[in-house]
Each structure stands twice: as C-alpha cells, then as structure tokens.
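Here's a quick tour for anyone meeting this protein for the first time. Have a look at the structure below, then read on.

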Amino acid sequence: MTVRIVPLTVTEIESTQSALVSVYRAVFTEPPYSEDEADVQDFAARFPDHVQRPGFRCCVAQQDERIVGFAYGFTGEPGDGWWDRVADRLTDDEVETWLDDCFAFAELAVIPTARGQGIGGRLHDALLSGLPHRTAVLSTFTDETPAMRLYRKRGWVTLLDDFVFPGGSHPCVVMGKVFNGLNKRNECPETPNYSPPSYNPSATRRWSNSRA
Ligand SMILES: CC(C)(COP(=O)(O)OP(=O)(O)OC[C@H]1O[C@@H](n2cnc3c(N)ncnc32)[C@H](O)[C@@H]1OP(=O)(O)O)[C@@H](O)C(=O)NCCC(=O)NCCS
C-alpha cells in the first residue's frame, strides 16, 4: 500500500487531532513507554499548546485516508520547561552551540502494524527538511529502541546521558543534530496562524514529557 508523507496545513490540524491522538495511544501505551489513558489525554491537552509555538510544523503518514504515523516539533526557546532543564545541564558554550537556534523535535510515532517499511524515516526526514534552524534537539529513552537506532543512523549525537526529567522516572538521553547548511529543501513548510481549540491549561504538560 502506498503511504504518503504529508505536511499538515492550518485547516487540517484541528480536524486531524483526534487521529493523531489515536496514533499516539496505539504507539505509546505499548512498551517501553507503557503510558496510560491519562498520559494520552495529557498529550491531547498539550498538542494544541505545541501547535501555537513559533516554528511549529507537523507531518503525517497517510495510508489511503488513514493516518498511520506523525512527527512534529517547533522552535526551542528559553522559557520552555524542557529547554530550560536541558540548558541547566549544559555549559554556556554547549547552550550556544545546540540550543540557541534549535528545532525541538517533539514526537515521532508510527503505529505498530505499519512499522519496518521506512515510514518513520520518511517522517523524520520530511519534518526536518528545509528548517531554518542551525540544530535540532530531542529527548528519548536511553534504551536501544528502534527510535534510538533511527536517530543514530541519521546523524543525531548524544548531548546528555541518563537525564531524568522532573515528573518522569525513566532515564532519557538528550540528542542533537547539526544541519550544517545542508538542510535547504523545503518539503514540509511551517504551519502558520493556527488557532487552537479550547483546552484545559492545567492539564498541559508542555513537552517536558515528550520523548522525541
Ligand atoms: C521509531 C519508529 C517511529 C520507527 O518507525 P518505522 O516506520 O518502523 O521506521 P523505518 O521503517 O523508517 O526504519 C527507520 C530506521 O529505524 C530503525 N528501526 C526501525 N525498526 C527497527 C527495529 N525493529 N529494530 C531496529 N531498528 C529499527 C532502523 O535504524 C531503521 O533504519 P533501516 O531500515 O535503514 O535499518 C517506530 O518504531 C515507533 O513509532 N516507535 C515507537 C515510538 C517511538 O519510539 N518514538 C520515538 C520517541 S523519541
């Protein structure tokens, strides 16, 4: 079956959110993440907040009309809980190198039945293609997961090891990727002017709990 990697437009984001939550549930309630329904609902609550961030961009994998995977991120900035916590653990030089002009890669997910066909790699590549930032950063479990192998194969390097975010318990690595000015194609344009649906801000965890 043909799978298309599609950047979401402003109007598509709102109507697609429930499909993204379904993908999230199918992916992250499985080991090693083993999240529960409350975690899934936290994702549903923080996604509209992420959509409003500067530089937000999201790509989905569509098989026929069904969404089988997605990836998204936004510009990383001081004041964001994740950015601040990572910056606290880096030297000033490392912050300048890795965080001062970075794309925060927040999530990457492909449903179990669609894996092993190159979809995750294509989502990763489309999301990062043409970004104006100098670097991209993410956090992921320290385990030897398929995601970890995907990132290493695509040039991500470890910036911090054994990092446990407040409120989390699983050790994570923080990884970075330098674009070196080679990232000029623009296949997945930024999604501007998104007006998110209402949600409960107190349920928003931001992306301190994002793995990607
Ligand atoms: C990570 C994930 C998105 C990969 O999706 P996918 O569609 O299966 O990935 P691809 O088929 O494009 O494979 C890309 C690379 O991932 C790695 N990979 C994928 N499946 C793998 C497996 N079962 N074992 C080892 N490596 C694997 C390989 O490096 C592969 O590259 P290769 O085919 O050149 O060897 C998917 O496994 C997933 O959703 N995992 C759970 C969610 C997750 O961990 N997200 C990231 C959180 S930080």
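Which residue in E4 does glycine 69 stand opposite? That would be valine 110. Keep in mind that this is a predicted model.

Let's step back for the whole chain. The protein has six helices and seven strands, and from the N terminus on they come in the order β-α-α-β-β-α-α-β-α-β-α-β-β. Of the 212 residues in the chain, 33% are buried. Take the contacts between residues at least 6 apart in sequence: 75% of them join residues at least 24 apart.

Now zoom in on strand E3, which covers residues 66–76. E3 is mostly covered, with eight of its eleven residues buried. Strand E3 pairs with E2 in the antiparallel sense, and E3 and E4 run antiparallel as well. Here are the two pairings side by side:

| Pairing | Partner strand | Bridges | Sense |
|---|---|---|---|
| E2 and E3 | E2, residues 57–63 | seven bridges | antiparallel |
| E3 and E4 | E4, residues 102–110 | eight bridges | antiparallel |

What about the turn? E2 and E3 form a hairpin with two residues between the strands. In that hairpin, aspartate 64 takes a positive phi near 55°.

Definitions and conventions
Residues are numbered from 1 along each chain as its sequence is written. This is a predicted model: local features need pLDDT of at least 70, side-chain atom pairs count only at pLDDT 80 or more; totals for chains, interfaces and linings use all residues. Helices (H or I, at least four residues) and strands (E, at least two) are DSSP runs, numbered from the N terminus. A residue is buried if 20 or more other C-beta atoms lie within 10 Å of its own, exposed if 12 or fewer, and partly exposed in between; C-beta atoms are placed from the backbone. Two residues are in contact if their C-beta atoms, placed from the backbone, lie within 7 Å. Two strands pair if DSSP finds at least two bridges between them.
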